[in-house]
Amino acid sequence: MPELSAGDTAWVLASAALVLLMTPGLALFYGGMVRAKGVLNMLMMNFAAIGVVSILWVLYGYSLSFSTDVGGGLIGGLGEVGLKGLLGENSLIGTIPSTVFVAFQAMFAIITVALISGAIADRTKFSAWIVFIVAWATIVYFPVAHWVFFFDEGNGGWIADRLKALDFAGGTAVHINAGAAGLALALVLGKRVGWRREPMRPHNLPLVLLGAGLLWFGWFGFNAGSALAANHFAGVAFINTQVATAAALLAWILVEKFRDGKATTLGAASGAVAGLVAITPACASVTPVGAILVGLVAGVLCALAVGLKTRFGFDDSLDVVGVHLVGGLAGTLLIGLLASATAPAGVAGLFYGGGFGQLWRQIVAAAAVLAYSFVLTYVIGKVIDKLMGFRISADDEVSGIDLAEHAETAYDFSTIGGGSRGHFMRETMSLRSEHGPSSSAEESTESAEKPTVDSAGESAEDKEGSVTR
């Protein structure tokens, strides 16, 4: 009979907090990548995921994901609705209280939903997004989490307990799931106004790097915390996460250097995230050297994959497909090749003498989640679009989604340089009193008060220094 471990409990609680931090980090990462007129909407879409999913998780999401199976490995029951029976001191999962596990897994559900927002940036009705969160979490995420994360000695989720595919921290349930959903929604909503005709560069690259750094920091809770104990599993997952991310960052900017002649900050941030995505399912089944290989492969593949949207004509605004779907697939499938029996999971892949047995399991798991998520998300998106409209109007999109949906802007350009402008005005008035009115001074004043703004509501200053992906 397992006993409560204070050390394990403390580690998983800390890991849950780290995973929650990933969603604000993602909001900043995505927020810096959109244009200045859409940053608040992107932040709001991510924070809305925190609010809505947290409530759903307590009401019925945890029960559908982690209670006793009632559907042949497909879905949990409703026996733990409202966390019924999980609040007592003796309710344990392993060596931690059940409530700690509930909290930890809630953060996974939140970040998975939030990831999808990047594929449909700049054009989504906020009210429709809220409805989508409820529908998608209920119909797609909770069942898939049951498939992948619920172990019950052969009676749990079909991927975890019956197929025995390996996914330590969510390559299928989180990244392939969100990436496939992002692709489906991008097809439902269509292309942004001016896509491929107008520059849609990131408006704030330092914000992108800050968001990527917070994601990297929080990801140690995501991966190492999935050991659910302060033990050697957590240690291996931690170091594998670090080296895979570093390798992917370097691989991405090397691709840029050879392909474009320059390594970019956006590429460095994106490469790091690609490495984090790819190592997520594999962090307990590969050695550190294997983790470096996972990162290198993911960095190269994802750097090339972000161009697929241009080739095939779908507007995945912030490369959710290229980074999360492709990165999740790479990490999941590479387990079948690079898994080592010396790693904590104890399974050998093809390159370590294990044959094709694990590889075909990984292929089936990845394909099943991809297909389920894409089809169901497409249906959900179409239904919402028919019932209430999923997309803002073209006029609102051009003027700016922040103003249209939230009546706010992230940056008040009218106040920039207020102090120096006031001084300039006083000096001008003084000259007028001494020498009479000057038409050139008047023109200078008017010019200083009216920054150049284009038809999309962006000042010329907004566009300087931006990078086009």
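1. Phe-132 is buried, because its relative accessible area is 0% (buried means under 20%, on a 1.4 Å probe and protein chains only). Phe-132 belongs to helix 4 (helices are DSSP runs of H or I, at least four residues, numbered from the N terminus).

2. The model is predicted: local features need pLDDT of at least 70 and side-chain atom pairs pLDDT 80 or more, whereas totals for chains, interfaces and linings use all residues. Residues are numbered from 1 along each chain as its sequence is written, and side-chain values use heavy atoms, without hydrogens and water.

3. Beyond neighbours within four places in sequence, Phe-132 is in contact with residues including Leu-185, Thr-377, Ile-380 and Phe-390 (contact: heavy atoms within 4.5 Å).

4. The largest pocket has a volume of about 950 Å³. A pocket here is an open set of points on a 1 Å grid over the protein atoms alone, where a 1.4 Å probe fits, with protein on both sides within 12 Å along at least five of seven lines; the volume is the space filled by probe spheres set on the points, joined across faces, edges and corners.

5. The lining of the largest pocket comprises 38 residues (an atom within 4 Å of a point). Helix 3 contributes the most, with 5 residues.

6. A search of the whole structure finds 0 disulfides (cysteine sulfur atoms within 2.5 Å). Cys-283 is buried at 0% relative accessibility, and Cys-302 is buried with a relative accessible area of 0%.

Methods. Helix = DSSP H or I, 4+ residues; strand = E, 2+ residues; numbered from the N terminus. Buried < 20%, exposed > 50% of the residue type's maximum accessible area, 1.4 Å probe, protein only.
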